[in-house]
Amino acid sequence: PVRSCVYTENCFVPTSEIIAVEETEFNKKQRNTGKWQKMAKPHAFTVYYVKKARNHRWRCSELTFWCVDEHLCNQWIQALKELLEMQKSRPKQLLVYINPYGGKRQGKRIYEQKVAPLFSLASISTDVVITEHANHAKDNLLEVNINKYDGVVCVGGDGMFSEVMHGLIGRMQKDSGIDQNNPKAPLVQCNIRIGIIPAGSTDCICYSTVGVADPVTSALHIIVGDCQPLDVSSIHHNNTLVKYYVSLLGYGFYGDILKDSEKKRWMGPMRYDYSGFKTFLSHHYYEGTISFQPAKRALGSPRDKDRCRAGCYICKESEQQLAEEHKGCGLNDEEDEEWKVIKGKFLAINAVNMSCACPRSPKGLSPAAHLADGSADLILVRKCSRFDFLRYLVRHTNHDDQFDFSFVDVYRVKSFQFTSKLSEDNESSVTDIGKKRFGQFCRDHPVCCCNIANSTWNCDGETLDSSAIEVRVHCQLMKLFARGIEENCKDEAAYSHSSVEQLL
């Protein structure tokens, strides 16, 4: 019989969560101790597997099995390795981009100490590129032989992911002859998955798709070959592509925070707290017009309690609809659908493709937003008092309904357009030039109580200056090495004391 050297714990491990199987060698000292001394020549192998810990964290654990029969031991090793070979979704070769400057400048160290050893254990080959300047990864992806890789891994924050995403999407459209500047062009899906190793100031995308921003957990999701489709939204201005985003597009409050914090990078992550407090006190509102197409075919609504979790049935239904459309069975009635128009004064305009959850806001900006349903949640926060706005912000940190305010509207949409009042009034006029200059003066000297003409867009953590944009959601355009947030993730104690059946 093949026996485990760990007598106090039996483990049930699905094949899909075994990382590697290796023959174990014993030296003379080990053979003369404890359980090995009765055996003339023990033969053993070690199984490395995923062990689920608290708060959605994964860890690499190991279990060693031994027997006196060398042939039997080799049979087990071969059988298990054949089972692992059958896991076709697992990557064998990866292209890795490391941002050495992001966050606390720990990207390279995190990869080399925590991630690279796991990839090596799982027999994954890697080509590593240390980025040297902005858009290095994006430009490289447009030229590299992408077909030799099973996935692309980015080590950094949300900005690094955005750069890799833009490179991959651009490469796919370039190879397919798609004009990205056409806002109505049907984009080609990216079948190459992206893995995110969190190492930035903000890791919102990782947190919203895995449940935790932890490098080891993310590395293990990559190793086992998880796949999570992801909606991507395109932003156009005057029939020119400006940007893609996957989490937040925020105008007003969140845009102003980002713009102010960019000037204070020397403060590190604390800059967001400082800029957030300063922006809250300034209490600027912005006038403009929002036009949007409701996502009529999307299941659920922004105010239901149906959270997006691993195996989400709403996202799976959207995947089936997408497959039908690709076969020509779906109805393309986008041009015929009615647009709704809202004019007003807004403290914040937020469009989110996912919950945008983070440690400080576990529910996120829109708790019921889905990762892959082909829609975005459009949140409009109208002009209100500072006290009311503070009540709204506090709701992001507790269990109360954050949309239950008379000054907050939320819609599930598949596309929308925004034009600031300044743009509507004709930017080229002498009066508007004066407004622009006066607005800039106020931005630099916020002690005055006047209203600024235009805000800045916060596009996945990057500033975007455009007073008139057109946004469209592209259903499941990307795929991640993730599986969504799992329900009822058991903690370490539950696993260590569980009496579960043995794998071997």
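1. The chain has 14 helices and 18 strands. Keep in mind while you look at it that this is a predicted model. Of the 504 residues in the chain, 53% are buried. As for contacts with a separation of 6 or more, 79% of them are between residues 24 or more positions apart.

2. Now the aromatics. The structure has 13 aromatic pairs. Take Tyr251 and Tyr286: their rings sit edge-to-face, 5.6 Å centre to centre, with 65° between the planes. This pair links distant parts of the chain, with Tyr251 in strand S11 (residues 248-252) and Tyr286 in strand S12 (residues 286-294), 35 residues apart. Are these two tyrosines buried or exposed? Both Tyr251 and Tyr286 are buried.

3. Have a look at Phe292 and Tyr411 next. They form a tilted aromatic pair, at 4.6 Å centre to centre and 35° between the planes. Because Phe292 belongs to strand S12 and Tyr411 to strand S15 (residues 408-420), the pair ties together parts 119 residues apart in sequence. The two partners fall on either side of the 20% cut-off for burial. Phe292 has a relative accessibility of 1%, so it counts as buried. Tyr411 comes out at 24%, so it counts as partly exposed.

4. There is also an aromatic cluster to colour in your viewer. One cluster is made up of Phe253, Tyr254, Phe280, Phe389, Tyr392, Phe405 and Phe407.

5. On to the cavities. Searching the whole structure gives 4 cavities of 30 Å³ or more. The second largest cavity holds about 60 Å³ of space. Which of the elements gives the most to the lining of the second largest cavity? That is H9, with 3 residues.

6. With 43% relative accessibility, Tyr274 counts as partly exposed. Leaving out residues up to four places away in sequence, Tyr274 touches Asp260, Lys264 and Met267. From Tyr274 to Asp260 the distance is 9.2 Å, C-alpha to C-alpha, and the two are 14 residues apart in sequence.

7. Last, the cysteines. How many disulfides does the count come to? The answer is 0 disulfides, with a pair of sulfur atoms having to lie within 2.5 Å to qualify. Two cysteines to compare are Cys60 and Cys190. Cys60 has a relative accessible area of 31%, so it is partly exposed. Cys190 has a relative accessible area of 1%, so it is buried.

Key:
Residues are numbered from 1 along each chain as its sequence is written. This is a predicted model: local features need pLDDT of at least 70, side-chain atom pairs count only at pLDDT 80 or more; totals for chains, interfaces and linings use all residues. Side-chain values use heavy atoms; hydrogens and water are left out. Rings of Phe, Tyr and Trp (its six-membered ring) pair if their centres lie within 6.5 Å; planes under 30 degrees apart count as stacked, over 60 as edge-to-face and the rest as tilted. Helices (H or I, at least four residues) and strands (E, at least two) are DSSP runs, numbered from the N terminus. Buried means under 20% relative accessible area, exposed over 50%, partly exposed in between (1.4 Å probe, protein chains only). On a 1 Å grid over the protein atoms alone, a cavity is a set of points where a 1.4 Å probe fits but cannot get out, and a pocket is an open set with protein on both sides within 12 Å along at least five of seven lines; lining residues have an atom within 4 Å of a point. Grid points are joined across faces, edges and corners, and a volume is the space filled by probe spheres set on the points. Contact means heavy atoms within 4.5 Å.
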